[in-house]
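Hello,

Here is the structure I promised to pass on to you. Have a look at it first, and then read my notes below.

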Amino acid sequence: MAEHPGPPAANEWMIPASTTDSLPESADVVVIGGGIMGAASALYLVRRGLSTVLLEKGVISGEQSGRNWGWVRQMARDLDELPLMMESNRIWCGAEAEFGEDIEWTQQGIIAVARDPARIRFFNEWLAATRSTGIDSRLLGMPEIRAIIPKLDGEWLGALYTPSDGHAEPVKATRAFARAAVKAGAQIFENCAVVDIRVANGRVEGVDTDRGRIAAKRVVVAAGAWSSLLLRRIGVDLPYHIIRGTVANTRPVEKIADPAVGYHPIVSFRQRRDGSLYLAAGFWSDYDITLEALQHLRMFMPNFIKNHRILQLHLGKPFFRDLGRAIRHDRSDRPWLRDRVWNPAPSPAKVKSSVTEFEKIFPSIPIEIESAWAGYEDATPDAVPVIDTIASPAGLTWVRDGPDRRQGHG
């Protein structure tokens with residue numbers, strides 16, 4: 001089983017002459033992080049007439065945004081984020097036409113099948129709570145499930161199905177947004193790490209990078225799992241923890257279903273156009289403990305208790321990295337300068353489990369794993385994405401999108 005081959009070399013994603021080698025002296029906005037949140041932020045900021053620079057320490061979509069399942073999901077979202085996700089879905093539906101690029105967008109829905117009565121109760125409660133939103137989610141019985149997933153084995157109590165949901169190829173999608181931002185006038189620099197955010201008199205004044213300084217009155221931090229470490233250097237304490245998710249890619253198989261399929265928390269998959277599957281062990285994930293997470297343990301405890309069956313705790317590299325820094329009393333360490341593309345090891349146990357469980361519910365479809373990889377996702381105490389300004393320093397915005405585990409749907 002091969003590991004994730006990693007992203008292409010720097011600038012392979014770029015259109016010719018898309019940007020210069022020299023950093024500008026100033027910009028209206030600096031965006032930190034070249035994932036989907038950073039790329040989309042840069043696109044819409046520059047379209048509003050703001051000179052925008054995006055800085056990525058490694059390569060565009062090299063980490064969190066290039067390693068996920070590729071689901072575009074409104075279904076079972078927290079009620080507070082559902083309006084934003086419905087608007088996001090509208091953007092995804094028009095992305096290929098707007099950008100003139102193939103991002104493997106497939107709007108054939110997402111379906112979550114269930115054998116547990118408690119799961120069916122959750123589906124019904126969520127449907128009742130969202131009835132006024134206009135979302136097209138509905139509960140299916142066994143005949144409808146069979147029509148959508150003919151080869152699914154066994155009897156099921158029901159399924160939650162949202163036809164307007166879809167899926168796309170994460171790396172292609174993120175880079176399409178980045179290219180669109182460049183075409184609109186943004187400047188994007190790969191292999192350019194922010195060393196510090198500059199603050200004076202209670203407001204942002206720009207950033208220092210390993211390639212120079214950029215003055216800016218606004219900074220958007222979309223650095224994923226690195227955001228907390230970066231912001232802590234300017235006195236902003238963000239409670240977060242990191243979840244390591246493992247994904248496997250199979251060799252092509254016969255057509256199974258158009259929608260992405262989830263069986264909580266056992267196994268989930270989506271089928272790509274070439275017939276291969278992106279396969280994961282449902283919502284079972286590895287929780288690599290950090291010192292920061294321990295400091296905010298009280299805030300995270302309710303969500304951890306709710307999801308303790310699907311989170312496996314580990315003392316790994318992130319913890320010992322933090323511990324070493326604490327022992328040395330080293331406040332100057334910037335681990336993101338070393339880990340330009342954070343490439344955590346996939347969990348062989350998660351891959352094995354996903355294959356085993358898939359074959360139980362699809363016994364007529366043998367699968368062979370071709371590669372596997374892992375990625376870190378940052379999560380807040382309530383597990384809901386954040387787009388918000390920070391009161392102090394003024395001019396700072398934090399953007400993050402990670403696993404939604406409040407409802408157990410990641």
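**Two cis prolines**

Pro265 sits in the loop between strand S15 (260-263) and strand S16 (267-271). The peptide bond joining His264 to Pro265 is cis, with omega at about -15 degrees. Please keep in mind that this is a predicted model. A cis peptide bond also joins Ser392 and Pro393, where omega is about 5 degrees. Pro393 is found in the loop between S21 and S22.

**The chain as a whole**

The protein chain has 10 helices and 22 strands. Of its 410 residues, 59% count as buried. If you take the contacts with a separation of 6 or more, 75% of them come from residues 24 or more positions apart.

**The nonpolar cores**

Which residues touch the most other members of the largest nonpolar core? They are Ile32, Leu55, Ile197, Val207, Val219, Val221 and Leu396, in a core of 34 residues. Among the elements that give two or more residues to this core are strand S2 (29-32), strand S3 (52-55), strand S10 (194-200) and strand S22 (396-400). Helix H6 gives the most, with three residues.

Leaving aside residues up to four places away in sequence, Val219 touches Val30, Ile32, Ile197, Val204, Gly206, Val207, Gly395, Leu396 and Thr397. There is also a second, separate core of 31 residues, which includes Leu140, Met142, Val267 and Leu277.

**A pair of helices**

Two packed helices are described by the angle between their axes and the distance between the axes. For helix H1 (residues 36-47) and helix H5 (residues 170-184), the axes come within 8 Å and cross at roughly 25 degrees. Angles under 35 degrees count as roughly parallel, so H1 and H5 are roughly parallel to each other. The crossing of H1 past H5 is left-handed. In this contact, the residues of H1 include Ala39, Leu43 and Val46, and those of H5 include Ala173, Phe177 and Ala181. The residues of the contact divide into 13 nonpolar, one polar and one charged.

**Two positive phi values**

Ser61 is a residue other than glycine, yet its phi is positive, near 65 degrees. Ser61 lies in the loop between S3 and strand S4 (71-72). Is Ser61 buried or exposed? Ser61 is buried, with a relative accessible area of 3%. Ala76 is not a glycine either, and has a positive phi of about 65 degrees. You will find Ala76 in the loop between S4 and helix H2 (82-99). Ala76 is buried, and its relative accessible area is 0%.

Enjoy exploring!

Technical notes. Residues are numbered from 1 along each chain as its sequence is written. This is a predicted model: local features need pLDDT of at least 70, side-chain atom pairs count only at pLDDT 80 or more; totals for chains, interfaces and linings use all residues. Side-chain values use heavy atoms; hydrogens and water are left out. Axes are lines fitted to C-alpha atoms, for helices over the stretch in contact, and angles run from 0 to 180 degrees between N-to-C directions. Helices (H or I, at least four residues) and strands (E, at least two) are DSSP runs, numbered from the N terminus. Angles under 35 degrees count as roughly parallel, over 145 as roughly antiparallel, 65 to 115 as roughly perpendicular and the rest as oblique. A crossing is left-handed if the near helix is turned anticlockwise from the far one by less than a right angle, and right-handed if clockwise. Contact means heavy atoms within 4.5 Å. Ala, Val, Leu, Ile, Met, Phe, Trp, Tyr, Cys and Pro count as nonpolar, Asp, Glu, Lys and Arg as charged, and the others, Gly among them, as polar. A nonpolar core is a set of buried Ala, Val, Leu, Ile, Met, Phe, Trp, Tyr and Cys residues joined through side-chain atoms within 4.5 Å. Buried means under 20% relative accessible area, exposed over 50%, partly exposed in between (1.4 Å probe, protein chains only).
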